[in-house]
Every structure is written in C-alpha cells, then in structure tokens.
Amino acid sequence: MLENAIKNRKVKIGIIGLGYVGLPLAVEIAKCGFSIIGIDIDSRRVREVNRGMSAIGDVDSQTLRKLVKNGKIKATTDHRKLKFCDIIIICVPTPVDVNKEPNLEPVINSTREIKKTLRKGQLIILKSTTYPETTEKVVQPILDERGLRVGRDYFLAFCPERIDPGNKRFGVLNTPTVIGGVTKKCTRLTTLFYKQFMNKVHPVSSPRAAEMTKLLENTFRNVNIALVNEFAQLCERMGSIDIWEVIEAAKTKPFGYMPFYPGPGVGGHCIPIDPYYLSWKAREYDFHTVFIELSARINEDMPYFIVNKTINALSESGVCPSTARVLLLGMAFKKDISDLRDSPAIKVYHIIKPMVGVVKYNDPHVPAFSTNGKKITSVSLNARELKKYDAVVILNKHTAYDNHLIAKHPRLIVDTRKAITKKSKKVRKLGAP
Ligand SMILES: NC(=O)c1ccc[n+]([C@@H]2O[C@H](COP(=O)([O-])OP(=O)(O)OC[C@H]3O[C@@H](n4cnc5c(N)ncnc54)[C@H](O)[C@@H]3O)[C@@H](O)[C@H]2O)c1
C-alpha cells in the first residue's frame, strides 16, 4: 500500500527539524510534487517558514513562498500532526556536550513524539548524523514500545545527510544518498521513496553501515584538513617553503591524491562534532580512535596559531599588540555562508580580543553576532575603514570580497586562505615564508 502511494506521490511527508538539513530537503521534495508537514520546536522558525521566509542560505524565499502558497509545505510546532504523515524524516541536531560526548536528546525526543502516533504502514527515516547503532539501539526500541513490528508493521532506515551548505554544484538532488534499512523491506521502501526525486541511491546492508559511512566521510575531511594544517605549520617553521605552492604541485598527480587546504580551523555542525560521536562509541568497544583525537587537537589549535602569527607580525612591524587595531574578515565557518556554528573565526575573535587594543570584524553574510550578551556588528569594508587598522586577518575567502581593495589599503595582512595572490611584504600568508 505504502509502495503504491509512494509511486503515485500520494504520501504525506513529515520532516522534523527545519534547519540547514530539513528545510532544503522539504523544498526539494515538495518541488517534486509531495506534500510536506514541517515540524520544529522553534516557533519563530515555523512562523518564518509559513510566511515563506527562508533563514537558510541555500533556500530561496521566493521558491519557499510559492510552495507554501500552493499548500505543498506547512510548518507547525505540533508533533501530533505526525499522525497524518506516511513518511517521517528526522533532521534534528546531534550536538556534543561540554565534554564532547554525544547529546542525542533531540533525536530521542523526536522519536518519542513519533511513537505517540506511530501506526501501521509508516516509514521513519533518521537523517541526523550519529554514531553506529543509534537507529537500531536507540530509535527502534522507543518505536517498538508501541507494539508494532519493524519491517512488517512499520519501517525504519538511516540515510545520512551529505548537504554542503553554499555548494552551488552539489545539492540535495544530485548528491547520491546512502540507505540502510533495519530490514530488507525497510531498505526497499526507502530506496523507492528516494528514487522518486533523485537519480543515485546506494543501499547498504544495515543502518549501522550507513551511520558509519557518514562518520568515515566526515572524519576523512577532519583528518586531511589537520594533516595539511600540520604541513602548513612545518612550512612556517622551515621558513623557505610555501604550502600553497606544494599543494598545487601535489594536485597534478592524477591518482592517489586529493587536495585539502590549510586555514584557521574547522567549523559547522559536522566536521568538528561528528568524529566525537565515533570516538565515544569506539570506547564502548575498548577502542581508541587515535586519528580523530589527533586531528581534533591540530584543528582546534589552529585559531591559537593564527592569533600568535598575528601578534608576532604586529610586533615585527613595530606595532605594540596591546594597543593595536585589528580587523577580522569573514566570521562564518566557511566561505559564502552565514553559519557561525563552531566557527574558528569566532574563536580567533575571542582569543585575540584581550591581547589587542581594538578588534572589529566584517562579514557580508553576518551583519551581527552576539557574544556574552553583547551584540557585535560588522563594520563596512572600504578604503577608509581598511586604513584604520594595524592588521587585517583574512579568515574566509568570501566571493563577495574585493581582494584587490583588501590587498591595497591595510598596513599588514595575515592571510589564512591565500586570498591575496599578489606578492607583498605586508602579507603574511599561513604556511608560507
Ligand atoms: N548543517 C549541515 O551542513 C549538515 C550536513 C550533514 C548532516 N548534518 C546533520 O543533520 C542534522 C541536523 O543539522 P542542521 O544543521 O540541520 O541543524 P539545525 O540546528 O540547523 O536545525 C535543526 C532544527 O531542528 C529543530 N529541533 C530540535 N529539536 C527538535 C525536536 N525535538 N522536534 C522538532 N524540531 C526540533 C531545531 O529547532 C532546528 O530548527 C545534524 O545531525 C547534523 O549533524 C548537518
């Protein structure tokens, strides 16, 4: 029955969590003809969505407005509406606590809400990134309390999300999805559903394999960024090799190498967090994930390295750091987006603040941010403003930045992204002499 309803696009889809993952997914599925009920505990987010206002960079408000107007997307804070849904997709956060231990509360709370109205024929898909066995050992036992049998009465699968905010080439529809159902029928139904709106799906044997796939992908990025950050630090110590030149040269190898670039660290809701989910789980099996701990140490130290580099550069150029005026460019965790979660640039801001006279920032995507109850606003970026600072630290290479302007006016530039290509004595490039 569910099979036919999926094929005829007659299924109603519930998406729990309308953030960076849930909202783009809702829009793309709705564009393919499905009706969506979006559920979020944040009433402001729900109001915005129902007004067709998108707070997510990758979702265009005009498209959202049209889908809302046509009744294809409706948002609510009321989880009881899940009873009207045939397929429910969980897209809630999976953060770590202060001790870097997994906090599955949002996933558990969402599952408990689903359980209240779970009925025969429903398909539940977990998308939130998490450690292996979450679907079968955390989510399934809660749903089973309802007295229905998985694979026969209701269906359950894990499908990791691979969205890369700001990526113009790969989005929801053209990034293949990995599918791991609890039973063969769970995988088959989930695959059928995904095939309605995307070309490439890759079923695996279990939810555990799908959960581990996501963690392998993100740990791979974390480890390789840490590796290149360590090379950048070594190049600086040696004082005669430019890491950026080395990466360009290594890139010419047509096999066995993939370029990663140094920078002020890693951020967002994935790369700095997900590996900790795996290292936590590994301990249960008496196993220590050395690569994860090591790469976290290197990447989390990068903001300190950048601040030290800036302070040294100020001193060398005859400016007393404690009275210096410093401008940070790009506060988001990566280029061309507004997401500040775990941004290394924010760490740089906090570390450098007590060490210098004045620190300001500019980010065309982040007009303001709050810290310690204080609102900090972005300053404008023009020749007059740039001349006011003793040092400008480039933390993101946003497309909107006029690098010619940035290169011309400041007295000293610390460039962590190789944004300034022109050789100049006033530019101190990360990983270069
Ligand atoms: N952001 C990314 O680029 C990305 C990429 C791949 C995977 N992921 C994973 O996807 C998951 C979601 O990430 P995100 O970036 O979309 O998070 P987000 O914080 O942007 O959005 C999550 C939304 O869920 C809502 N929420 C929390 N608890 C809820 C509940 N019990 N019921 C209903 N709504 C609830 C929040 O209010 C929020 O709006 C995480 O596990 C993350 O690791 C994120």
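Figure 1. Domain 1 covers 2-205 and domain 2 covers 220-429, with bounds that come from an automatic or database domain assignment. Contact between them involves 15 residues of domain 1 and 15 residues of domain 2, two residues being in contact if their C-beta atoms, placed from the backbone, lie within 7 Å. The side of domain 1 that touches domain 2 comprises eight nonpolar, five polar and two charged residues. Here Ala, Val, Leu, Ile, Met, Phe, Trp, Tyr, Cys and Pro count as nonpolar, Asp, Glu, Lys and Arg as charged, and the others, Gly among them, as polar. Residues are numbered from 1 along each chain as its sequence is written. Because the model is predicted, local features need pLDDT of at least 70 and side-chain atom pairs count only at pLDDT 80 or more, whereas totals for chains, interfaces and linings use all residues.

**Figure 2. The shell around the ligand.** The ligand is surrounded by 27 residues, the closest being Gly17, Gly19, Tyr20, Val21 and Ser128; a residue is near the ligand if its C-beta atom, placed from the backbone, lies within 6 Å of it. The shell has 13 nonpolar, ten polar and four charged residues. Helix H5 (residues 105-117) gives the most to this shell, with three residues. Since domain 1 and domain 2 both give residues to the shell, the ligand lies between them.

Figure 3. Helices (H or I, at least four residues) and strands (E, at least two) are DSSP runs, numbered from the N terminus. Helix H2 (residues 22-31) is mostly covered, with eight of its ten residues buried. A residue is buried if 20 or more other C-beta atoms lie within 10 Å of its own, exposed if 12 or fewer, and partly exposed in between, with C-beta atoms placed from the backbone. Leu23, Leu25, Val27 and Ile29 are among the buried residues of H2. The buried residues pack against strand S1 (12-16), S2, helix H4 (61-69), strand S3 (73-76) and strand S4 (87-90). Just after H2, Gly33 takes a positive phi of about 105 degrees.

Figure 4. Ser35 is placed in strand S2 (residues 35-39) and counts as partly exposed because it has 19 C-beta neighbours inside 10 Å. Not counting residues up to four places away in sequence, Ser35 touches Lys12, Ile13 and Lys72. Arg9 is found in the loop between helix H1 (2-7) and S1. With 13 C-beta neighbours inside 10 Å, Arg9 also counts as partly exposed. Leaving aside neighbours within four places in sequence, Arg9 is in contact with Gly33, Phe34 and Gln196.

Figure 5. The 27 residues of helix H11 (residues 290-316) should span 39 Å at 1.5 Å a residue, and the end C-alpha atoms are 38 Å apart, which agrees; the expected span is 1.5 Å times one less than the number of residues. H11 bends by about 35 degrees at Met302, and Pro303 follows within four residues. The bend is the angle between axes fitted to the seven residues ending at a residue and the seven starting there. Helix H12 (residues 344-352) is mostly covered, with seven of its nine residues buried. The cover of these buried residues includes H11, strand S9 (325-329), strand S10 (358-362) and strand S13 (391-394).
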